[in-house]
Amino acid sequence: MSAQAEPKQPPSSPVETGTAMTDLTKPVVAADGAGAPSAQPHGANRVEPKVTTTDVKVFYGSSEALHGIQTEIPANQVTALIGPSGCGKSTFLRCLNRMNDTIEGARVTGKILMDGEDIYDKSLDVVLLRARVGMVFQKPNPFPKSIFENIAYGPRIHGLAKSKGELADIVERSLKRAGLWDEVKDRLKEPGTGLSGGQQQRLCIARAIAVSPEVILMDEPCSALDPIATARIEELIDELRRNYTIVIVTHSMQQAARVSQKTCFFHLGDLVEEGDTDQIFTNPRDKRTQDYITGRFG
Amino acid sequence: MATGTADTTIGAARAASPTTQRVQATLARRRAAETRFRLIGLSAVILGIGLVALLFASILSRGLPAFWQATLTLEVYIDPEIVDVSPAPDAAAFDSQAAYEEAFLGWQTELARTNWGRVLRNALLAYLPPEAAESGRAVEGLIASNERFELRALIQEDPGLIGETITFQGLADANIDVWVKGNIDRSLPDDRLPLTSDQRAWVEILLEQGVLTQEFASSLLFNVDSRSSPASAGLAGAFVGSLFMMLIVIVLSVPIGVAAAIYLEEFAPRNRFTDLIEVNINNLAAVPSIVFGLLGAAVFINWFRLPLSAPLVGGLVLTLMTLPTVIIATRSTLRAIPPSIRQAAIGLGASRVQTVAHHVLPLAVPGILTGAIIGVAQALGETAPLLLIGMSAFVAQVPASPMDASTALPVQIYLWQGNELRNFFEARTSAAIIVLLALLLSLNTIAIILRKRFEKRW
Ligand SMILES: Nc1ncnc2c1ncn2[C@@H]1O[C@H](COP(=O)(O)OP(=O)(O)O)[C@@H](O)[C@H]1O
Ligand SMILES: [Mg+2]
């Protein structure tokens, strides 16, 4: 149990052992791929996929919002989902932690594998899945409770801490990792809603980290924040990538370019193009991608 | 010259922008509409407050005097000649408990046979002119008939008082009270006055001697209803009956209503069936209360064979009536809680029940409390359904349990309002209304205090 509360892996170990076990034959490549020469132009990003989706369709009632999404989310990388409003980015993101289940009339078909395990399998407990896949929302939504309680809630309901001291450790570690500790360490008893917008969002990230998820989903986490707070979060995302697999929806091309290693471009419910972020932004293959990133529509 | 140029500049700008001109043309109309609306709203509020103030003023002015009642403070000689009873049996002197009880019962019967009225009459005569002794009945009529039993109870409590002179405070007859308060037209002909001319004269004498005074009428609060002695009719029975019903309503309608609302709002799928339930609950809230009375009579009394006039049945009927209010209020409170809180909890892996219990409910408590209190307050003031389940019966006892026959405060008000001793009961009815309002106000105060406590807005 306590191992689960530990941070995933030290940054030195290249890839997760969990995924490596499933396929030992594939060459293991460092996540940042520094100096690893490869014949392929996108070789740097050939990493074990954390999540694989096959023909994922989402229906809201009778209308189809996603038309068969096929992609891979590489482990210990930041994957950015971009695309014009209403193209289904949030819908896709919600498939990954089954938040769509909570939406009346929403239906998901297709296959989503996480570490080779079907997350829509009947035998899978959705509570466990959501403990493994954390989520950060567009608008910071701390609980109307103290800062401490905000972080402690997840570990508490999942029984991650055996004692009060252990719980306090988890809170401290999570806040430190979210870069919020120094700002709030003297006011843990104060309400989380009393923080600034940027601090609240980092609190929400800390709250997600506290249950030691493997994947963190972020739905436009900076859209309600000022540029300085945004920069803090982007830095944070870059740090978190060493321990977590991150999927981020963003409307800002610059942000996608800055923080992500892989980018998926969605358009009208289709995954139009995906690839290394560098490639997508410098050399998009699809006309629509090109138009979007050059700002011709969006 | 400078101003002239400025004017022309503005004029030119105006001419250049027809939009501005058009908007300005509408401004006066919009402002007038706004002023009109504000005035209408303000006058509505003033009218409302005015009516409430009028209501309170009229009830207070009529009801408050009833809390002070004509009372006789007499030096009563407990004459052993009249109170001719054997000494009270002593428990120690008997072999068995049963034998003692039998002897005690006999002694009680002796006390009951005693003419206590004569004891009181003699006490009164001491203050009155000697010729009053000839019309003993009229003298006895000055004091509320119930006081005989009060005196008896006093002596039964302490038999040592026999042969002593004690200071006894007893209520004057209801008609004396009305007369003293000036609520009887003194110019009426003699045969239409409730008091004889002798009695009227004696009242003056007693007033002069300070024997007849206005004292705080604790009997109004602590006595039960009485027909034979209207002066000592009190609200205790109705108050306790209402209290029992209130407890039953709170204990049943709040948990059931809140649970139903939570289920419908947070868990139930949206389909035909839940739509039907929703419509029905809303309709139920609009059903006239007397219909619930009929239902209660049919189901609880005819079918379940629960006793007539019992606060238990009243409480059940009022619970049925209150449930829709609680459910509707709770649902709207739940709906007002931002979904982002639920998403945050569910996103962390909290189950639905955990989400509701840990995050939604705590935020909803103030709203739920308000709804519950409104519902309970409505129930507390309800009369019609209670008439149909027999709670309008005359009950001269404080109910010891919710199964005992009882009446309720609003029903008591209704009963007193219809009493033939109008002059006296008019004030008493208003006093009962004051007690009911006080109960409702304290209920509301509790609600506000609880709300403030839970309303930790972060
Ligand atoms: N809860 C919902 N109910 C019905 N339709 C929805 C719901 N959420 C999203 N949609 C529809 O699904 C499509 C994709 O929406 P969304 O995933 O929110 O797009 P994005 O996040 O890329 O802006 C849109 O057409 C939207 O109208
Ligand atoms: Mg979105």
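Helix 14 of chain B contributes five residues to the lining of the largest pocket, the most of any contributor. This is a predicted model.

**The largest pocket**

- The space in the largest pocket comes to about 730 Å³.
- Its lining is made up of 29 residues, and those closest to the centre are A:Thr102, B:Pro339, B:Arg342, B:Gln343 and B:Ile346.
- In chain B, at least two lining residues come from each of helix 10 (236-267), helix 13 (311-335), helix 14 (339-347) and helix 15 (352-380).
- Sorted by class, the lining of the largest pocket holds twelve nonpolar, eleven charged and six polar residues.

**Helix 5 and helix 6 of chain A**

- Helix 5 of chain A spans residues 147-157, and helix 6 of chain A spans residues 164-177.
- The axes of helix 5 and helix 6 of chain A lie 9 Å apart, and the two helices pack at an angle of about 110°.
- Angles of 65 to 115 degrees count as roughly perpendicular, so helix 5 and helix 6 of chain A are roughly perpendicular to each other.

**Residues where the two helices meet**

- On the side of helix 5 of chain A, the contact involves A:Ile147, A:Phe148, A:Ile151, A:Ala152, A:Pro155 and A:Arg156.
- On the side of helix 6 of chain A, the contact involves A:Leu167, A:Ala168, A:Ile170, A:Val171, A:Ser174 and A:Leu175.
- Ten residues of this contact between helix 5 and helix 6 of chain A are nonpolar, one is polar and one is charged.

Terms used:
Residues are numbered from 1 along each chain as its sequence is written. Chains are lettered from A and ligands numbered from 1 in the order in which they are written. This is a predicted model: local features need pLDDT of at least 70, side-chain atom pairs count only at pLDDT 80 or more; totals for chains, interfaces and linings use all residues. Side-chain values use heavy atoms; hydrogens and water are left out. Axes are lines fitted to C-alpha atoms, for helices over the stretch in contact, and angles run from 0 to 180 degrees between N-to-C directions. Helices (H or I, at least four residues) and strands (E, at least two) are DSSP runs, numbered from the N terminus. Angles under 35 degrees count as roughly parallel, over 145 as roughly antiparallel, 65 to 115 as roughly perpendicular and the rest as oblique. Contact means heavy atoms within 4.5 Å. Ala, Val, Leu, Ile, Met, Phe, Trp, Tyr, Cys and Pro count as nonpolar, Asp, Glu, Lys and Arg as charged, and the others, Gly among them, as polar. On a 1 Å grid over the protein atoms alone, a cavity is a set of points where a 1.4 Å probe fits but cannot get out, and a pocket is an open set with protein on both sides within 12 Å along at least five of seven lines; lining residues have an atom within 4 Å of a point. Grid points are joined across faces, edges and corners, and a volume is the space filled by probe spheres set on the points.
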